Amino acid sequence: MNDKQHTIKAPVTVRGIGLHTGVEATMTFCPAPIGHGYKFQRVDLPGQPIVDADVDNVVDLSRGTTIEQNGARVNTVEHTLAALVGLQLDNVLIQLSGPEPPIMDGSSAEFIHALQGVGLEEQNALRNYYEIPDTIRYMDNARGVEIAALPLSDYRLTVMVDYNSPVLGSQHATLADIGQFANEIASSRTFCFLHELEHLYKSNLIKGGDLSNAIVVVDRVVADEELNDLAKMLGKPRVSVKKEGILNNVDLRYKNEPARHKLLDLVGDLALVGRPLKGQILAARPGHAANVAFAKKIKKKMLEVKSNPVPVYDPAREPVMDINRIMQVLPHRYPFLLLDKVIYLDSQMVTAVKNITMNEQFFQGHFPGNPVMPGVLQVEAMAQTGGILVMNTVPDPENYWQYFLGIENCRFRKKVIPGDTIIFHCWLLAPVKRGIAKMKGQAFVNGKVVMDAEMSAAIVRKENT
């Protein structure tokens with residue numbers, strides 16, 4: 001799995017008709033900055049409103065997942081989102097000229113091909129994974145649905161479907177590595193049973209279905225008269241049934257294509273959690289309603305952890321900024337440069353690391369015989385961490401100075417001594433206005449808060465720039 005965030009190198013557009021609305025639309029995938037996530041933009045509506053791909057914005061689950069925000073609705077988002085997750089993209093703006101993404105061939109394959117065609121671009125920030133901490137379960141006994149997420153250092157999914165159908169029977173699909181999504185899952189198309197078709201049409205759904213973008217499973221004997229009526233309903237000269245119980249519209253790409261498509265839907269729906277996942281997902285008879293309910297359980301668990309964040313430092317992971325890059329951004333030098341590396345950075349927050357050793361110059365005169373890192377230098381190190389964040393908000397940081405303006409509510413909770421690794425975590429309390437940034441910061445040692453404070457800083461353009 002990727003460590004760094006990714007977007008795409010250039011915009012790319014696909015065109016087609018929506019499966020359920022029947023409305024033709026263009027959909028343009030656009031590059032987006034660090035921390036942006038997935039957002040849809042209805043460019044056909046006044047003000048071009050944005051709709052965040054968030055499980056809290058789900059408003060309808062009739063044969064697909066529909067989200068709504070700011071007075072704008074986007075239908076059937078799951079195939080589009082699955083393509084983004086499958087390529088391990090983090091930041092993409094999806095501009096849509098209608099109410100629903102094009103159904104294309106009923107899978108995510110054409111989205112994958114378009115995105116791969118323009119190429120992926122690595123961004124200088126670590127991916128904000130949510131690692132499943134312990135087993136999370138969802139059950140719907142009435143429908144025989146069960147979904148579970150288990151801790152795992154990768155993203156792995158297994159799906160079982162069983163429709164009591166003599167044609168489909170029980171099917172399984174597994175994605176052992178999210179990096180194989182494009183090759184193993186993306187081309188699996190949506191499907192429905194013959195007995196559902198008439199109901200869907202009468203319910204004003206699948207207006208864009210034309211038998212070229214869906215598998216129709218025939219699980220009973222069908223008279224010629226009914227096939228003729230079906231042909232008229234679908235606007236076809238004739239339809240027939242293949243020996244394996246599939247309408248003659250398409251050939252199966254995989255024997256277990258329906259199960260693979262259910263896995264595709266699950267990947268797309270779980271994207272609405274808002275962060276890339278690490279965990280093993282096991283799903284029996286999943287559907288959009290169950291997927292979204294499960295995503296809400298994951299997000300609730302995620303927010304419980306986020307309310308009391310403790311940054312995780314893995315020395316084996318490549319930093320966002322090493323000491324050489326830090327010195328390009330900050331003017332500080334020995335003995336006053338107090339950061340060793342930056343391990344996370346986006347438009348809202350930053351995390352930096354300082355390794356404390358007995359060789360620090362300040363230990364020579366501060367509490368001889370009982371070395372303790374001076375609180376004032378902890379504050380300075382946190383201010384430098386905040387300076388990295390502040391400078392990340394301007395397009396040309398080399399042309400600015402940042403000055404520490406003030407500190408409030410500062411508390412020292414535990415002493416910091418040689419051998420400690422102190423992690424500084426700062427985030428913006430409000431958008432930067434008129435060059436003034438307000439931040440909250442915390443310092444951690446071994447997962448415990450040792451110091452916290454609120455700070456403000458000014459961004460000032462250098463003279464003669």
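Begin with H288, which is found in helix α7 (residues 288-306); helices here are DSSP runs of H or I with at least four residues, strands are runs of E with at least two, and both are numbered from the N terminus. The model is predicted, so local features need pLDDT of at least 70 and side-chain atom pairs count only at pLDDT 80 or more, while totals for chains, interfaces and linings use all residues. Residues are numbered from 1 along each chain as its sequence is written, and side-chain values use heavy atoms, with hydrogens and water left out.

The UniProt record, an unreviewed entry, lists H288 and H366 under "active site"; such annotations may be inferred rather than shown by experiment.

Stay on H288, which is buried at a relative accessible area of 12% (buried: under 20%; exposed: over 50%; partly exposed: in between; 1.4 Å probe, protein chains only). Leaving aside neighbours within four places in sequence, the contacts of H288 include E78, D265 and D269 (contact: heavy atoms within 4.5 Å).

Next, select helices α1 (residues 78-86) and α6 (residues 257-270), which pack at about 80° with axes 7 Å apart. Axes are lines fitted to C-alpha atoms over the stretch in contact, and angles between N-to-C directions run from 0 to 180 degrees. The contact is made by E78, H79, L81, A82 and V85 of α1 with H261, L264, D265, V267, G268 and D269 of α6.

Finally, select H366, in the loop between β20 (349-355) and α9 (375-391). H366 is partly exposed, with a relative accessible area of 24%. Not counting residues up to four places away in sequence, H366 touches P371, V372, M373 and P374.
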